[in-house]
Amino acid sequence: SESTTTHILPAVESFLARPHHHFINNEWVPSASGQTMEDVNPATRHVLTEVARGNGDDVDRAVSAARRAFRDKSWAQMPPNRRGILLWRLADLMEQHLEELAQLDSLDMGMPIRQAQYGTTPMAIDHIRYMAGWATKVEGETIPVSAGNFFNYTVRQPVGVVGAIIPWNFPLLMAVWKLGAALAVGCTVVLKPAEQSPLSVLRLAELAVEAGFPPGVINVVTGYGPEAGAALVAHPGVNKISFTGSTEVGKSIMRTAADRMARVSMELGGKSPNIICADANLKRAVSGSMLGIFMNQGEVCSAGSRIYVARSIYDQALEHMADYAKTLRVGQPLDPKTQMGPVVSDEQYQRVMRYIEIAQREGATLVAGGSDMPEAGPGFFVRPTVFAGVRDTMTIAQEEVFGPVVAVMPFDDIEEVIERANQSIYGLAAGVWTENVRTAHYLSQRLEAGTVWVNAYHVYDAAAPWGGFKESGFGREMGKQALELYTEVKDVWISLG
Ligand code: ADP
């Protein structure tokens with residue numbers, strides 16, 4: 001309801017009123033074409049603000065700035081501890097402006113303010129601090145070669161200019177996952193945020209100047225994927241593309257990158273299985289699994305969108321899930337009581353509705369939701385939706401919806417559910433609910449997924465590696481593994497003869 005909606009902070013109002021140009025060489029630069037694009041608030045369908053619409057010319061400027069900065073001694077010769085200090089300062093500034101950053105994400109793409117304020121924004125800050133610590137710890141090895149009288153050692157060097165392309169579901173966090181590791185190891189970055197949600201990243205760029213990053217180290221070009229994004233991928237001055245988004249776009253990026261052997265890492269889609277065994281703590285399993293699908297409106301690559309429930313507890317679990325979905329508080333994102341906001345855009349709304357329609361046409365049974373939700377507000381609201389009677393071959397069990405829609409299916413034994421869970425082109429995450437330690441470990445070993453959560457869902461930590469098996473991508477962001485994405489190994493031979 002309007003009366004409980006948090007007011008927009010004055011700092012956010014004034015940010016929204018400023019022009020939103022590209023951020024190149026620590027300066028705000030209008031689009032070469034002079035064009036802008038509208039940024040819509042999904043909770044109201046009103047235009048929040050206009051943002052620069054970048055094309056190849058803007059990307060070219062940004063990449064040139066990043067290339068110069070990569071060689072410039074102010075960055076290239078900066079001692080690692082200074083890079084760490086800059087990152088730490090950025091994190092401190094983010095913390096000082098935490099509420100502002102949280103509101104920007106919430107306004108821009110509809111995530112509930114509580115989640116932004118207590119979940120994703122603090123995680124983004126923690127991530128920067130974690131990576132700040134790694135700046136001084138990117139070590140090589142000494143290798144006992146047998147080829148002769150040699151001293152052999154490795155060094156890890158920054159890969160160069162990184163082109164980072166991110167989606168709209170966690171705007172600030174996705175930016176930081178790429179910036180943190182890339183900057184810690186000494187790369188420079190051109191970041192292209194999603195056209196739906198560029199605001200928090202632009203605010204982050206302002207904070208980066210304040211933190212003291214030299215010009216050209218961090219650059220942001222806003223714009224559409226096929227324009228600004230594609231130009232960044234094709235630019236010969238970009239050494240590495242770090243992409244988070246759909247599997248389809250990821251594949252096309254890999255094809256383009258192949259022409260010049262640009263390094264790539266890919267965080268793509270998912271259709272993550274979430275398995276509730278007969279011996280699970282049912283109450284916890286149900287609420288955890290509902291969080292697993294409905295958190296962030298289901299707009300999460302790792303959403304637990306296929307729930308497999310042991311047949312003996314299936315009816316009971318399904319009933320609890322339907323209740324949960326029906327009582328979830330859907331509403332204005334800035335209202336602290338809101339548990340689920342609108343989906344990000346009209347396009348996404350149409351897409352989710354299409355999947356709901358297909359599921360019904362293919363014979364799935366609706367047990368909750370399945371429609372729009374006008375009483376939640378004028379935005380792109382979708383009712384939390386639960387389907388039963390789903391067969392593995394149905395579209396709803398195979399394709400990523402990226403919305404608040406879940407398929408619940410019964411299973412009879414462990415080997416069967418492993419087989420069915422793994423029958424997916426994706427392999428990002430999986431959930432397991434059981435009180436049996438053997439089952440927990442056995443399923444964790446067998447499931448084809450980059451992350452397995454046991455008796456939990458959607459837990460993340462800067463120190464824990466994150467990434468996919470199969471068509472969910474490759475490379476690991478977060479944890480020390482993330483450093484590998486942004487470094488090349490050089491091996492050095494010194495003759496001692
Ligand atoms: P989603 O379906 O979640 O919007 P996309 O893969 O379409 O995921 O978008 C993720 C990011 O990739 C966005 O920043 C988008 O602008 C960008 N993008 C989309 N198409 C392309 C493309 N052809 N080349 C480069 N980037 C693209």
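**Figure 1. Asn 455 sits in a loop and is partly exposed.** In this predicted model, Asn 455 has 15 C-beta neighbours inside 10 Å. A residue counts as buried at 20 or more such neighbours and as exposed at 12 or fewer. Asn 455 falls in between, so it is called partly exposed. Its loop links strand E19 (451–454) and strand E20 (469–470). Look at the backbone too. Asn 455 is not a glycine, yet its phi is positive, about 55°. Most residues other than glycine have a negative phi.

**Figure 2. Asn 26 has a positive phi.** The angle is about 65°, and Asn 26 is not a glycine. Where is Asn 26 found? It lies in the loop between strand E1 (22–24) and strand E2 (27–29). Asn 26 has 18 other C-beta atoms within 10 Å, so it is partly exposed.

**Figure 3. Glu 415 is an exposed residue in a helix.** The helix is H15, residues 414–422. Is Glu 415 buried or exposed? Glu 415 has 10 C-beta neighbours inside 10 Å, so it counts as exposed. Now find Leu 443, which is 28 residues from Glu 415 along the chain. The C-alpha atoms of Glu 415 and Leu 443 are separated by 9.2 Å.

**Figure 4. Three strands form an open sheet.** The order is E5-E6-E22, and the pairing is antiparallel. Which strands stand at the edges? They are strand E5 (142–143) and strand E22 (487–495). Each has a single partner strand, so one side of each is left without a neighbour in the sheet. E5 and strand E6 (residues 150–158) are joined by 2 bridges. Ile 143 stands opposite Asn 152 in E6. Strands of a sheet pair through backbone hydrogen bonds.

**Figure 5. A shell of 17 residues surrounds the ligand.** The closest are Gly 225, Gly 229, Gly 245, Ser 246 and Val 249. Two elements each give two or more residues to this shell: helix H9 (225–234) and helix H10 (247–258). H9 gives the largest share, 5 residues. By type, the shell has 10 nonpolar, 5 polar and 2 charged residues.

**Figure 6. The largest nonpolar core holds 158 residues.** Which of them touch the most other members? They are Leu 87, Ile 128, Val 189, Ile 276, Phe 387, Ala 407 and Val 408. Helix H7 (residues 171–184) gives this core its largest share, 11 residues. In soluble globular proteins, nonpolar side chains tend to be buried together.

**Figure 7. Ile 276 has contacts beyond its sequence neighbours.** Leave aside the residues within four places of Ile 276 in sequence. Its contacts then include Ala 285, Ser 289, Ile 307 and Tyr 308. Val 309, Ala 310, Ala 317 and Trp 433 are also in contact with Ile 276.

**Figure 8. The whole protein has 17 helices and 22 strands.** Its C-alpha trace spans about 70 × 60 × 40 Å along the principal axes. A compact globule of 497 residues would have a radius of gyration near 23 Å. The protein has 23 Å, which agrees. Buried residues make up 54% of the 497.

How values were computed:
Residues numbered from 1 in each chain as written. Predicted model: local features only at pLDDT ≥ 70, side-chain atom pairs only at ≥ 80, totals over all residues. Helix = DSSP H or I, 4+ residues; strand = E, 2+ residues; numbered from the N terminus. Rg over C-alpha atoms; globule rule 2.2 N^0.38 Å. Near = placed C-beta within 6 Å. Nonpolar A, V, L, I, M, F, W, Y, C, P; charged D, E, K, R; others polar. Core = buried A, V, L, I, M, F, W, Y, C linked by C-beta atoms within 7 Å. Contact = placed C-beta atoms within 7 Å. Pairing = 2+ DSSP bridges.
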